Each structure stands twice: as structure tokens, then as C-alpha cells.
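Hello,

Here is the structure I promised to pass on. Please have a look at it first; my notes follow below.

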Amino acid sequence: MRSNNAFRLFLYNFFELSFIQGIVSFELGIEPGNIFYNALSMHLYLDDKEQAELYLNHNVNQEYECSFPKLCFNGHIYSLKELQNLEFFIRTESINTIMKDFKLHKNKYKEILGSFYDYYLILLHFKLIKTNNVAHLNEIKDCIDPFYQNLL
């Protein structure tokens, strides 16, 4: 990776790379391996400094190795497309719109996304932290598989 906005785009970029890795490995019939993510310029813009500090302070006492849930494709291409649509929705819509949608459709998304549901929740959790909307965090975190809650 040449350049990466550490606060606004890192998680989305990492998600997209792991998503591509999963699709390619599925198509080739092999297990996905580890992703080593390197950026020549991992940067933070001054406009994001205050929000980034809030995020870091929220997680100040946590040490963990970051990883996404393993993608289990099993031929669920429809679920992949739905997850891709939801990632775009989370990245581009307002928190109010996203949370209204989550409350209305979380059971439907769990059914449609299957093993990808935790990916959706982790992306949603990241958006809430990034935009300093901590009021909804427990609502999201309580839906995430306990194994993945340690990542948040």
C-alpha cells in the first residue's frame, strides 16, 4: 500500500484487501493465509487528531492483535455481495440512518450474512467509534460473537 489515512480509511482498506483475498482463495480452492499490511505513508490528518485521540483513549488499556473473523465462503456469493453493499452503506451514510437501519434489519442481516455477520458488526462498531457515537456501542458489541469482542 502506498498511502493510508490511519484514522478514516485503514479499517475499510484492510477489510477490502481481506475481502479480495477471501474471494480469490475461494475461487482457487485454497485456504486464505495471513495478510501482512504495509503502508509507505500511514498518516493522520490534523482534522482527525481530536477524534483519533478519543478513539485511542477509549482503548487505552487494551492490548490485542487485530484480526477479522475468518471468511467462510462455502459458495455464499450472495452473502458476500450483501456484505459489500453494507460496507459501502456504513462508510457513506450518517450514523442516524445506519442505526435506524440496524435496528430495523439486524435479524434479517444475521440471516442473510451468516458467517459474515460479525464482519458487518465490526465495521459498524468502528464507524461508531470513529464518529464518537459511543451511545450505541454496547448495543452493537452485545451482538458480536464473544470471541471477536476482544478485538473491539
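**D48 and its contacts**

Apart from neighbours within four places in sequence, D48 is in contact with N5, F7 and R8. D48 lies in the loop between β2 (41–43) and α2 (49–58). Is D48 buried or exposed? Its relative accessibility is 2%, so D48 counts as buried, the cut-off being under 20%.

The protein averages a pLDDT of 78. A score of at least 70 is reached by 82% of the residues. Which elements have the lowest and the highest mean pLDDT? Helix α7 (residues 146–149) has the lowest, at 66. Helix α4 has the highest, at 92. Where pLDDT is low, the predicted coordinates should not be read in detail.

**α4 against α5**

Helix α4 covers residues 95–113, and helix α5 covers residues 117–130. The two pack at an angle of about 165°. Their axes are 10 Å apart. That angle makes α4 roughly antiparallel to α5, because angles over 145 degrees count as such. Their crossing is left-handed. On the α4 side, the contact is made by I95, I98, M99, D101, F102, K106, Y109, K110 and L113. On the α5 side, it is made by Y117, Y120, L121, L124, K127 and L128. By type, the residues of this contact divide into 11 nonpolar, no polar and 4 charged.

**α1 against α5**

Helix α5 also packs with helix α1 (residues 10–28). Here the angle is about 165°, and the axes are 11 Å apart. So α1 and α5 are roughly antiparallel to each other. The crossing of α1 and α5 is left-handed. From α1, the contact takes in L11, Y12, F15 and S18. From α5, it takes in Y119, I122, L123, F126, K127 and K130. The residues of the contact of α1 with α5 divide into 7 nonpolar, 1 polar and 2 charged. Note K127: this residue of α5 is part of the contact with α4 and of the contact with α1.

**N132**

One backbone angle deserves a look. Most residues other than glycine have a negative phi. N132 is not a glycine, yet its phi is positive, at about 60°. Where is N132 found? It sits in the loop between α5 and α6 (137–141). With 37% relative accessibility, N132 counts as partly exposed.

Best wishes

Definitions and conventions: Residues are numbered from 1 along each chain as its sequence is written. This is a predicted model: local features need pLDDT of at least 70, side-chain atom pairs count only at pLDDT 80 or more; totals for chains, interfaces and linings use all residues. Side-chain values use heavy atoms; hydrogens and water are left out. Axes are lines fitted to C-alpha atoms, for helices over the stretch in contact, and angles run from 0 to 180 degrees between N-to-C directions. Helices (H or I, at least four residues) and strands (E, at least two) are DSSP runs, numbered from the N terminus. Angles under 35 degrees count as roughly parallel, over 145 as roughly antiparallel, 65 to 115 as roughly perpendicular and the rest as oblique. A crossing is left-handed if the near helix is turned anticlockwise from the far one by less than a right angle, and right-handed if clockwise. Contact means heavy atoms within 4.5 Å. Ala, Val, Leu, Ile, Met, Phe, Trp, Tyr, Cys and Pro count as nonpolar, Asp, Glu, Lys and Arg as charged, and the others, Gly among them, as polar. Buried means under 20% relative accessible area, exposed over 50%, partly exposed in between (1.4 Å probe, protein chains only). pLDDT is the predictor's confidence in each residue, from 0 to 100.
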